[in-house]
Amino acid sequence: MRLALRTGLRWKLSAAIALVGALVAIALTLVVHNAARLSMLDNSRDVQDERVQFAKRFYDSTGRLQFDAKLDDPALPKQLKDASDNGLRATYLQEPKSGKGEPEVWASVPLHDGKVLSLHTTFSDRFAVLAGLDRSLVVDSIAVVVGGCALGVLIGGQLSRRLRKAAAAAGKLAEGDTGVRVREAVGGRIRDETDELARAIDAMADALQLRLEAERRVTADIAHELRTPVTGLLTAAELLPPGRPTELVRDRAQALRTLVEDVLEVARLDGYAERAELQEVALGEFVSRRVKLLDSHASIQVLRGAYVHTDPRRLERILGNLLANAARHGSAPVEVTVENRVIRVRDHGPGFPEALLREGPSRFRTGSSDRAGRGHGLGLTIAAGQARVLGARLTFRNVAPEQDDGTGAIAVLWLPESAPTDTGSYPVIAPPEHHRD
């Protein structure tokens, strides 16, 4: 199983800038340190060479040693002994045996009497300056990394905020708020790739909206044109002589009329033209009466009643569609539960298909083979649309296998605490802890 590490854009950008800054700082520190050390060593050798020449001249004229010079020093490195044997003046750097500390700078010169005059010192003061330079380089490197991180957070944060605004606006657009424009939501004076993305999303949304509106208009026009001939067909069917063929014609004509009415209702709901006519309703009593009229075989249980402002006609339509779906695709018993502002409708059938749970209701899709063959897939679509007009939220789930007998579908209607907006809304209603869906 592959683990995915999810981090924000600002932190990724900050880490990248910090890493690059650290690498550059380390490289520059090493370069500066090595250049300064080589320059200091060369300068120390030059100084030591000048001293040994002055000490030789002083010794030749006075016979005394200067600058702690020594004659035939037994600790003289072999390289300098070989140079003196060849009559050469030379300098030599001897690194400390421990590997720490300053190197010793040697200088030697052969004398006329065959002896070798030599000097050596560590130049501690000079290398103390190098240590101070190293500390300054480390401090400056840390400052560069910290500044790079701050710059990354600033730039990445601004870019991240713009992308989050674009994502939030796109989410509202996906929920049906056609008035949202991603470019306006992003805003700001800076023009970058985010604006290009926003323009592309807005153009795509406009194109999709035009296409959906055209499809909705065509659907509504077709259904409206079918209404008159279907009504005439029903009227003509009433004039047929009694008999089984007549009953079949009347039944199919009525089914066709119901389908046309449902398609017209879906078209109106898709156009966000519906408005709720609100009344104060005692929810428990209202649901009990309507359930008895809609499905006399369904059981009703009111755990806790509540008064709500809603449209009784639309609420009855939702209840009727949920009960019809449970009776058509599920199995008895059908149970209706009212708790505060929450209405649950449960059947004991095979459950909702995975596609419906994943994507929500879709017109003319009746689900899997277990729940197919009857209906046109418009019932739950209409119920969801009417719930949106009421400002309610309609959710679907299946009974968990370990719960009760492990079968059944549950539709939950969450009514809002306040009146819905003109075109409906999707309120977030927290369910009780012991009845969370």
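Visitor: Where in this predicted model is S288 placed?

Guide: S288 belongs to helix α7, which covers residues 283-294. The model is a predicted one.

Visitor: Why is S288 called buried?

Guide: The relative accessible area of S288 is 18%. Buried means under 20%, and S288 is therefore classed as buried.

Visitor: What makes the pair formed by S288 and G284 a polar contact?

Guide: A polar atom of the S288 side chain lies 2.8 Å from the backbone oxygen of G284.

Visitor: How do you know that the length of helix α8 agrees with its number of residues?

Guide: Helix α8 has 18 residues, 312-329, and at 1.5 Å a residue should span 26 Å. The expected span takes one less than the number of residues. The end C-alpha atoms of α8 are 25 Å apart, which agrees.

Visitor: What is found at the start of α8?

Guide: There, a side-chain oxygen of D311 comes to within 3.1 Å of the backbone nitrogen of R313.

Visitor: Which residues of α8 are buried?

Guide: Among them are P312, R314, L315, I318 and L319, and also N325, A326 and H329.

Visitor: How many helices and strands does the protein chain have, and what share of its residues is buried?

Guide: The protein chain has ten helices and eleven strands. Of its 437 residues, 35% count as buried.

Conventions: Residues are numbered from 1 along each chain as its sequence is written. This is a predicted model: local features need pLDDT of at least 70, side-chain atom pairs count only at pLDDT 80 or more; totals for chains, interfaces and linings use all residues. Side-chain values use heavy atoms; hydrogens and water are left out. Helices (H or I, at least four residues) and strands (E, at least two) are DSSP runs, numbered from the N terminus. Buried means under 20% relative accessible area, exposed over 50%, partly exposed in between (1.4 Å probe, protein chains only). A polar contact is a pair of N or O atoms within 3.5 Å; within protein, one must be able to donate a hydrogen and the other to accept it, and residues adjacent in sequence count only if both atoms are side-chain atoms.
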